Amino acid sequence: MKPRNLAIFLISSGLVLSATACGGDSDAGADGDVTITVACQPAKTAPKQRKAWDDDVKAFEKAHPGVKVKSTDQQPCFDPKTFAAKLAGGQMETVFMAPVTNYADVIAKRQAKDITASTDLVKNFGDIRQDVRDMLTKDGKVYGIPNVSYSVGLVYNRKLFEQAGLDPNSPPKSWDGVRDAAKKIADLGDGHVGYGEYGGGNVGGWHFAQSIFSRGGEMVVDGKAAFNSAEGKAVLQTLHDMRWEDDSVGKKLLIGWEALMQQMGAGKTGMMLGAPDVVTDLVQKFQGGKEDYGIAPIPESKASLTGGEAYMINPKASAAETKAGLQWIDFQFNTPGKGRHDYARGKANGEAVGVPNNDYMGDSPTGRKLAELRDKNAVLPVEYYQPYVDGSKNVELKLEPPNAQELYAVLDVAMSAVLTREDADIDKLLADAEGKANSILAKS
């Protein structure tokens, strides 16, 4: 899971909306010359991917005479430092991306256009999983087109499993199993870490949420903190014991997403929590071996944190701009063999094709076609990810809690404490975090 999937907090919108912005007007018949701006052009530092995008723009314009597409040169595509201000100031692109944690805020503040009457412009809209579509629907009206949906699993190093005498084809299914495997990997010595975890930078609290969900616990219930529970205590106690009794989580406190990814990419860490796209980044960005990693369902599998993203239309868009914007979303993000799903091109460009990191189409005809094309062009060993594919199908999905980033920052303190202090008082840590969290939630 990457930082672009983390929640941010939007300031109140200053937009003055037109009647078409909230009226669900049908834009499907709008024609004529039109220019749209679109987000998420790859960075100049990724020249092959950027060229592929630019080629797609040309192909789209050729297929849609009279439409001009201007791409925003910004990476990462989702920038929490600018997202809220651009939304509130009405400066967002015609077609912009929003993470799942921001859907409700964007919709509530009327910062995305009602596209209910125009979803047929995305030809396979009906193939998108209903639960994923529901996240972008309010009062029967649709405000965005999903294009990414994932759940968290256990990413593990198969090579280290073999070296430690573990079966890489039977990854741990419980937290006790994770602890046992982590101890054996750490016993390899030479700086090996059995299980990697974060203690700061909000990613500590983020992983706390993932862990408590996996055990059947909750973060927030009825507007109040719910993590000071048996499940929350188990999360911290397990980490404490792995650090101070087993010495299997390393002695260095990891702060920031990159820290653990670097450690995993270097082949020194056996396991971590993460969405499947972690493997893509390990191979492409952190020089990990293509054959080294497997993915399993999240331990215990009571529930899993889900994430994703969708493309929305600026509420100031005209009928013609809305039509062109939805046609772009259809072409670039939702058509097998084209745009983002041109896996043959991705393989030719040296991308790590093969990870099952996006299940937003489910087992629909489009979903099966996407899986077929991905596997056909895979450069990664797809069989190593099958445990995740099979085991995650029936796992309950949980959204990030309200005020997620503020709660994560509060829980960073508890995560850091158990990883750095042998005498950490878990009951007091959770009680303190509960009080702070409830103050935050009461203000929202």
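**Helix packing and a pocket**

Mentor: α9 passes α16 in a right-handed crossing. This is a predicted model, in which local features need pLDDT of at least 70, side-chain atom pairs count only at pLDDT 80 or more, and totals for chains, interfaces and linings use all residues. Residues are numbered from 1 along each chain as its sequence is written, and side-chain values use heavy atoms, with hydrogens and water left out.

Trainee: What makes a crossing right-handed?
Mentor: The near helix is turned clockwise from the far one by less than a right angle.

Trainee: Why is α9 called roughly parallel to α16?
Mentor: Helix α9 (residues 230–244) and helix α16 (residues 404–420) pack at about 30°, with axes 8 Å apart. Angles under 35 degrees count as roughly parallel, so α9 is roughly parallel to α16.

Trainee: Which residues meet there?
Mentor: From α9, Leu 236, Leu 239, His 240, Arg 243 and Trp 244 meet Ala 414, Met 415, Val 418, Leu 419 and Thr 420 of α16; contact means heavy atoms within 4.5 Å. The residues of this contact divide into 7 nonpolar, 2 polar and 1 charged.

Trainee: What is the volume of the second largest pocket?
Mentor: About 770 Å³, taken as the space filled by probe spheres set on the grid points. Of its 30 lining residues, the closest to the centre are Pro 356, Asp 359, Arg 374, Val 389 and Lys 393.

Trainee: Which element gives the largest share of that lining?
Mentor: α14, with 6 residues. The lining residues of the second largest pocket divide into 13 nonpolar, 10 polar and 7 charged.

Note on methods: Axes fitted to C-alpha atoms, helices over the stretch in contact; angles between N-to-C directions. Helix = DSSP H or I, 4+ residues; strand = E, 2+ residues; numbered from the N terminus. Parallel < 35°, antiparallel > 145°, perpendicular 65-115°, else oblique. Nonpolar A, V, L, I, M, F, W, Y, C, P; charged D, E, K, R; others polar. 1 Å grid on protein atoms, 1.4 Å probe; cavity = no way out; pocket = protein on both sides within 12 Å on 5 of 7 lines; lining within 4 Å.
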